[in-house]
Amino acid sequence: DIYPAYTGAERTYAVLNLLGSIAVLAMVVSKITTLLGAIQVAQRDRNRMFNTARRFVDQHNVRPEVSLEIYRYLSKRQRYQVREDEAAAEKDLFLRLPFQLRRRLLEEARWPHLHKRLIFVAFSQCSKQFQ
C-alpha cells in the first residue's frame with residue numbers, strides 16, 4: 001500500500017506511480033484483446049473452410065478416403081498459410097531496413113548455419129565484408 005506523507009514530492013511520486021501502473025495495465029489489456037481477436041478471426045476462417053468442405057462432402061456422398069485427404073490438405077494449407085504470412089512480414093521488415101542494417105541482421109541470423117561450412121569461415125577470416 002502506498003500512503004503518501006505530507007510532502008508534495010511524495011504525493012507526486014505516488015500519483016505518477018499510480019498513473020504509470022494504469023497506463024501499463026491498459027497497454028497489456030489492449031495487446032491481449034488484439035491477440036485474442038486475431039486468433040478468433042483465424043479460427044472462424046478455419047471453421048468456415050472445414051464446414052464448407054464437410055457440407056460438400058456430405059451432400060455429394062464423397063468416399064471417406066477422399067474426404068480424409070481433403071481434410072488433411074486443408075490442415076496442411078492452413079499451416080503453410082501461417083508460414084507464408086510470416087515470410088511476407090519478414091520480407092516487409094527487410095525492405096524497411098537500411099541496407100547495412102539489413103545485411104547485419106541477415107548475417108547474424110544466418111551465422112549459426114554458415115559457421116559450420118569451412119568456406120564461409122575462411123571468407124570471414126580473410127574478408128572484412130563477411131565479418
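I started with N61, which lies in the loop between α1 and α2. The helices I name (H or I, at least four residues) and any strands (E, at least two) are DSSP runs, numbered from the N terminus. The model is predicted, so I took local features only at pLDDT of at least 70 and side-chain atom pairs only at pLDDT 80 or more, while totals for chains, interfaces and linings use all residues. Residues are numbered from 1 along each chain as its sequence is written, and side-chain values use heavy atoms, with hydrogens and water left out.

**Entry 1: the loop residue**

I looked up the backbone of N61 and found a positive phi of about 50 degrees, although N61 is not a glycine. Most residues other than glycine have a negative phi. Is N61 buried or exposed? I read 69% relative accessibility for N61, so it counts as exposed. My cut-offs are these: buried means under 20% relative accessible area, exposed over 50%, and partly exposed in between, with a 1.4 Å probe and protein chains only.

**Entry 2: the whole chain**

I counted four helices and zero strands. Read along the sequence, the pattern is α-α-α-α.

I then checked burial, and 6% of the 131 residues count as buried. The accessible surface comes to about 11800 Å², and 61% of it belongs to carbon and sulfur atoms. These areas come from the Shrake-Rupley method with a 1.4 Å probe; for residues, only the protein chains shown count as cover. For contacts (heavy atoms within 4.5 Å), I took residues at least 6 apart in sequence, and 22% of those contacts join residues at least 24 apart.

**Entry 3: a buried serine**

I found S67 in helix α2, which covers residues 64–96. S67 has a relative accessible area of 9% and therefore counts as buried. Which residues touch S67, leaving aside its neighbours within four places in sequence? I noted V57 and V62.

**Entry 4: salt bridges**

Side chains of opposite charge can pair when their charged atoms come close. I counted a salt bridge where a side-chain nitrogen of Lys or Arg is within 4 Å of a carboxyl oxygen of Asp or Glu. How many salt bridges does this rule give? The count is four, and I looked up some of them.

- In one of them, the side chains of R48 and D45 meet at 3.4 Å, N to O. They are three residues apart in helix α1 (residues 8–59), so about one helical turn separates them. R48 is partly exposed at 49% relative accessibility, and D45 is partly exposed at 39%.
- Another joins R63 to E65, with the closest N and O atoms 4.0 Å apart. I found both R63 and E65 exposed.
- E107 and R103 also meet, at 3.3 Å, N to O. They are four residues apart in helix α3 (residues 99–114), which means about one helical turn lies between them. E107 is partly exposed at 26%, and R103 is partly exposed at 27%.
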